[in-house]
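Hi everyone, thanks for making time for me today. I'd like to walk you through a few spots in one protein chain, so please bring it up on your screens.

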Amino acid sequence: AQATNNAISHSLGHILEQFPDLDVFLDSGDIHHGNSYDHGRAEWTDYLAGGVENLPFFVAAGNHELVAFNHARTANTESEERTMSLANLSCRPYFSFDIKNIHFLCLPQLVAVNLVTEEALEWAELDLSINKDKTTIVISHNSLHGTTEPTDSMVYRQVINSEKVFKLLDSHPCVVAWMHGHNHTWELVRIKDRLYSSNGRIGGFSPPYPGNYGAGHLGGMYIEVGPEHFTIRGYSATEKCYFDEIPEYKHLNKTLKLKTSLDCNASSTISWGMGGARDGLIVPAYQHQIASADAKTELFIAGSDTPVFSENSDFAGLAEQTEGWSKARSIGGMSVSPRIDVQGEIDGLRFKNGGVEILPLDSEGQEQRPQRQFSGDGGEAEDEPRKAGRSRSVFSPQWGARSTYYRCVPGHTYKARAVLDSDSSGPACRIVFHIYDSRGNQILEQSSDAVRLAKGSKTVEATCKVPQKAAKGTIYQDPKSEIMINMILEAKIENLLVPVRISKLELLENDASSKTQDVSVKIAGRKYSHRGTLEKNKPVKMQIKQLLPSRDTIEVSAKGNRRLSWLVKQSGVRYQVRNAPAEIFKDGSVAIGPMRNRFSDRQEVVIAPLAEPDTPYVHSIRGIDRCVIEPYDSKEKRLRIHVNEIIGKYQEIRIYNAPGLRNVENVGHRNFEAVVPNSVGVEPLGTGTVTVYF
């Protein structure tokens with residue numbers, strides 16, 4: 001059902017030709033099919049991310065990447081880590097950026113396709129609070145309830161905690177649009193003073209819904225911001241025209257008349273970080289942008305108002321789909337196993353009195369085949385084969401140690417709390433902690449004693465200390481490692497002969513209290529601290545004076561509720577670097593590499609300007625794993641590139657915005673690119689210094 005690479009390339013080429021003055025190209029997720037092997041990721045790298053040439057390109061990742069299933073997993077990588085390297089994401093899958101003082105917030109669904117996590121929402125709240133004066137566009141993957149999408153399914157198509165997202169957006173009137181992927185439809189609606197857009201498709205399957213949703217078309221949505229207007233307009237690359245020029249698609253053109261924050265002279269910014277980070281967490285961060293050596297870098301930190309970090313811990317996010325392949329009763333971010341219809345109820349569940357009633361199975365002690373855990377990913381999710389017997393389990397987050405998890409820290413003790421009730425005594429509950437490294441290797445499975453439930457409410461608690469030896473081979477022992485430590489929580493209900501209702505399933509640090517206290521963030525080798533209480537709605541700003549490395553390990557600490565959100569904002573960003581990290585030095589030189597996205601055989605790094613360049617610049621390098629690019633020497637009229645490590649047999653450097661060429665040193669031959677004006681390509685002999693004179 002996928003569009004061919006040829007069709008994608010043809011459509012993309014037409015769009016770039018039709019819109020030569022684009023400032024940015026955005027992808028709202030499902031960048032490869034969920035069943036894809038690495039060749040699918042390579043094709044996306046070459047045909048889409050590489051196909052936009054020198055345009056900045058940003059991705060709000062989708063469920064096919066982040067909530068991986070079937071063959072979407074690469075050996076020895078978790079889905080999130082793979083997506084981060086594929087889509088050039090700095091720290092977490094959510095991030096934001098400014099172009100011409102217009103703010104873009106990329107907010108994908110993590111853990112489950114239909115859930116914007118508390119982690120992401122806490123970071124988004126911090127980001128929006130420090131950008132409240134900027135016209136803001138949210139790029140996400142799923143639709144919000146009651147906006148777009150003809151089937152209106154909150155199990156798979158829409159965000160299960162939409163009301164919470166609406167509350168955040170409504171508290172920031174600067175947000176003028178929510179634009180999403182996932183549905184492959186072209187939809188555009190105005191609700192109050194905000195536009196909601198389903199962004200069509202440049203690849204993927206054609207929308208199967210009856211009606212004018214763009215079946216058979218490839219293309220996307222065109223966004224235009226002026227000083228006093230904001231416009232979204234559907235575009236069909238298939239028909240080579242705006243959709244509203246086709247009679248049945250007149251609705252795909254909407255404009256808000258409002259004063260915007262547009263400033264064509266403003267420099268670009270990039271922001272990244274982590275929401276609701278826990279005490280002791282260490283995460284890697286990559287630089288995929290080149291800023292001026294004297295550009296400003298700021299750190300913003302904010303507290304949290306709860307010690308609980310498990311998703312949907314109060315079971316407020318519930319949804320039901322009564323028919324179709326996604327027929328399910330969905331608990332946002334959780335799963336129940338075995339998942340099987342019993343007593344005529346979908347998945348053997350009832351939504352009751354602010355919780356979920358887990359029903360006993362129809363048969364006792366029967367060996368159950370591994371049940372398909374509907375996780376909103378369109379395929380088979382990881383599940384634990386288990387003997388059904390008289391037990392069923394609730395997992396938080398939904399089972400899948402390499403695609404859904406909570407990060408945890410060696411040596412830290414975590415507490416789990418479950419609130420359950422039953423109409424009669426008999427059932428029991430035990431808490432099970434599953435701890436894995438991010439390669440899927442089990443570190444620990446620790447089970448509490450079973451606590452018998454009596455008639456009425458019962459709170460079951462258990463603690464688990466992550467063994468210090470778990471640090472071996474991970475980022476906690478070796479800063480160069482990409483391996484982290486993940487936890488999944490299980491509430492196992494045993495002797496399930498009568499229905500049991502569960503209304504809370506919480507995970508927190510064992511000694512956590514209510515407020516965030518005494519925090520620090522260690523970044524680029526320096527610790528930035530704040531003493532006393534740190535409020536959620538009063539972020540603290542600090543200047544980062546040192547230059548950030550191409551790859552860093554960022555460590556947080558916090559007392560009190562042991563949680564904080566942090567955000568790094570880099571101003572004066574001049575270039576985006578795709579497929580490899582970059583590092584700027586005080587003399588203006590830039591180190592590139594090593595390759596981070598290694599899926600494509602082209603082994604190409606693309607450098608795209610975020611502002612109009614006024615000198616020749618290196619646009620792309622191929623077959624070069626590490627190099628250092630000196631700043632353009634306007635006196636000598638030269639560019640100098642030090643090639644330090646190469647990959648494979650073919651090396652190439654492309655330079656854009658290049659005037660006539662005088663001479664090149666240390667190349668096999670010159671290759672002029674007639675297709676792209678003012679460009680030149682050179683092939684280095686190998687490692688060493690390449691000097692290009694203009």
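Let's begin with a pair of residues: Glu357 sits opposite Arg501, which belongs to strand β30. Before we go on, please keep in mind that this is a predicted model.

Now for the strands around that pair. Strand β21 covers residues 355-358 and strand β30 covers residues 500-509; the two run antiparallel, joined by 3 bridges. They are part of an open sheet of 5 strands, and its order is β20-β21-β30-β24-β28, with antiparallel pairing.

On average, neighbouring strands here are turned by 30° against each other, if we ignore direction.

Next, have a look at Val409. You'll find Val409 in the loop between β23 (406-407) and β24 (413-422). Is Val409 buried or exposed? Its relative accessible area is 4%, and because buried means under 20%, Val409 counts as buried. Setting aside neighbours within four places in sequence, Val409 is in contact with Asp279, Gly280, Leu281, Tyr414, Val466 and Tyr476.

On to the helices. Helix α5 (residues 118-129) packs with helix α6 (residues 162-170) at an angle of about 10°, and their axes are 11 Å apart. Angles under 35 degrees count as roughly parallel, so α5 is roughly parallel to α6. On the α5 side of the contact we have Glu118, Leu121, Ala124, Glu125 and Leu128, and they meet Lys164, Val165 and Leu168 in α6. Sorted by type, the residues of this contact are 5 nonpolar, no polar and 3 charged.

Last stop, the nonpolar cores. The largest one has 149 residues, and Trp272, Ile301 and Trp566 touch the most other members. Our helix α5 comes back here: it gives this core its largest share, 6 residues. Apart from it lies another core, of 31 residues, including Ile290 and Val643.

To finish, let's zoom in on Ile301. Not counting residues up to four places away in sequence, Ile301 touches several residues, among them Val519, His530, Pro539, Met542 and Trp566.

Conventions: Residues numbered from 1 in each chain as written. Predicted model: local features only at pLDDT ≥ 70, side-chain atom pairs only at ≥ 80, totals over all residues. Heavy atoms only, no water. Axes fitted to C-alpha atoms, helices over the stretch in contact; angles between N-to-C directions. Helix = DSSP H or I, 4+ residues; strand = E, 2+ residues; numbered from the N terminus. Parallel < 35°, antiparallel > 145°, perpendicular 65-115°, else oblique. Contact = heavy atoms within 4.5 Å. Nonpolar A, V, L, I, M, F, W, Y, C, P; charged D, E, K, R; others polar. Core = buried A, V, L, I, M, F, W, Y, C linked by side-chain atoms within 4.5 Å. Buried < 20%, exposed > 50% of the residue type's maximum accessible area, 1.4 Å probe, protein only. Pairing = 2+ DSSP bridges.
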